[in-house]
Amino acid sequence: MPFLSRALGVATLSFGVLEFAKPDVWTKPTGLGGASPATRAWHHTLGARDVTSGVALLVAKPGPALRAATLFRIVSDLTDAVAFGINAPGPARKAKALGVTLGYAALAALSLRRAGR
């Protein structure tokens, strides 16, 4: 059973719901400013992506469908690394953002091994 893929699905779905419920939750730790309509819109978009991606990781059958869902998650995390890495102010916040996003992408990459079974 692709346990890691399913666990990532639960975590991703949870993050997505959190981004919808409280879109300003990430502004303070990332240092990307206070609440604004643009920030809320960005995080609602990320929330929609994460809810969709999380559900896909949870329900996709092992094999090509789960591998595709996992690859989508990896690409999403890599684009987050670029976006947060570019926009986070200061080297400490950039490093933290890169560590979290690339770490999550690495976990998803590890789950690929079992995604086909």
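Tutor: The following questions take some descriptions of this predicted model and set each against its definition.

Student: Why is threonine 12 called buried?

Tutor: Threonine 12 has a relative accessible area of 1%. Buried means under 20%, so threonine 12 is buried. Threonine 12 lies in helix α1, which covers residues 3-21. Leaving aside neighbours within four places in sequence, threonine 12 is in contact with Asp50, Ser53, Gly54, Leu57, Arg73 and Tyr104.

Student: What makes threonine 39 count as buried?

Tutor: The relative accessibility of threonine 39 is 11%. The limit for buried is under 20%, and threonine 39 therefore counts as buried. Threonine 39 belongs to helix α3, residues 37-59. Not counting residues up to four places away in sequence, threonine 39 touches Asp24, Thr27, Leu32 and Gly34.

Student: What makes the pairing of the side chains of threonine 39 and serine 36 a polar contact?

Tutor: The two side chains are 3.0 Å apart in this contact. A polar contact requires a pair of N or O atoms within 3.5 Å, one able to donate a hydrogen and the other to accept it. The pair formed by threonine 39 and serine 36 is listed as such a contact.

Student: How do you know that aspartate 50 is buried, and with which side chain does aspartate 50 make a polar contact?

Tutor: Aspartate 50, in helix α3, has 6% relative accessibility and so counts as buried, the cut-off being under 20%. The side chain of aspartate 50 makes a polar contact with that of arginine 73, at 2.9 Å. The C-alpha atoms of aspartate 50 and glycine 16 are separated by 4.6 Å, although the two residues are 34 residues apart along the chain.

Student: Which residues of α3 are buried, and what covers them?

Tutor: They are Thr39, His43, Leu46, Gly47, Arg49, Asp50, Ser53, Gly54 and Leu57. The cover includes α1, α2 (27-30) and α4 (64-87).

Student: Why are α1 and α3 described as roughly antiparallel?

Tutor: α1 and α3 pack at an angle of about 155 degrees, with their axes 7 Å apart. Angles over 145 degrees count as roughly antiparallel, and therefore α1 and α3 are roughly antiparallel to each other. The crossing of these two helices is left-handed.

Student: What makes α1 oblique to α5?

Tutor: α1 and helix α5 (residues 91-115) pack at an angle of about 140 degrees, with their axes 8 Å apart. That makes α1 oblique to α5, because roughly antiparallel requires an angle over 145 degrees and roughly perpendicular one of 65 to 115. Residues of α1 including Leu4, Leu8 and Thr12 meet residues of α5 including Tyr104, Leu107 and Ala108.

Student: Which residues of α5 are buried, and against what do they pack?

Tutor: The buried residues of α5 are Ala97, Thr101, Tyr104, Ala105, Ala108, Ser111 and Ala115. The buried residues of α5 pack against α1 and α4.

Notes: Residues numbered from 1 in each chain as written. Predicted model: local features only at pLDDT ≥ 70, side-chain atom pairs only at ≥ 80, totals over all residues. Heavy atoms only, no water. Helix = DSSP H or I, 4+ residues; strand = E, 2+ residues; numbered from the N terminus. Buried < 20%, exposed > 50% of the residue type's maximum accessible area, 1.4 Å probe, protein only. Contact = heavy atoms within 4.5 Å. Axes fitted to C-alpha atoms, helices over the stretch in contact; angles between N-to-C directions. Parallel < 35°, antiparallel > 145°, perpendicular 65-115°, else oblique. Left-handed = near helix turned anticlockwise from the far one by under 90°.
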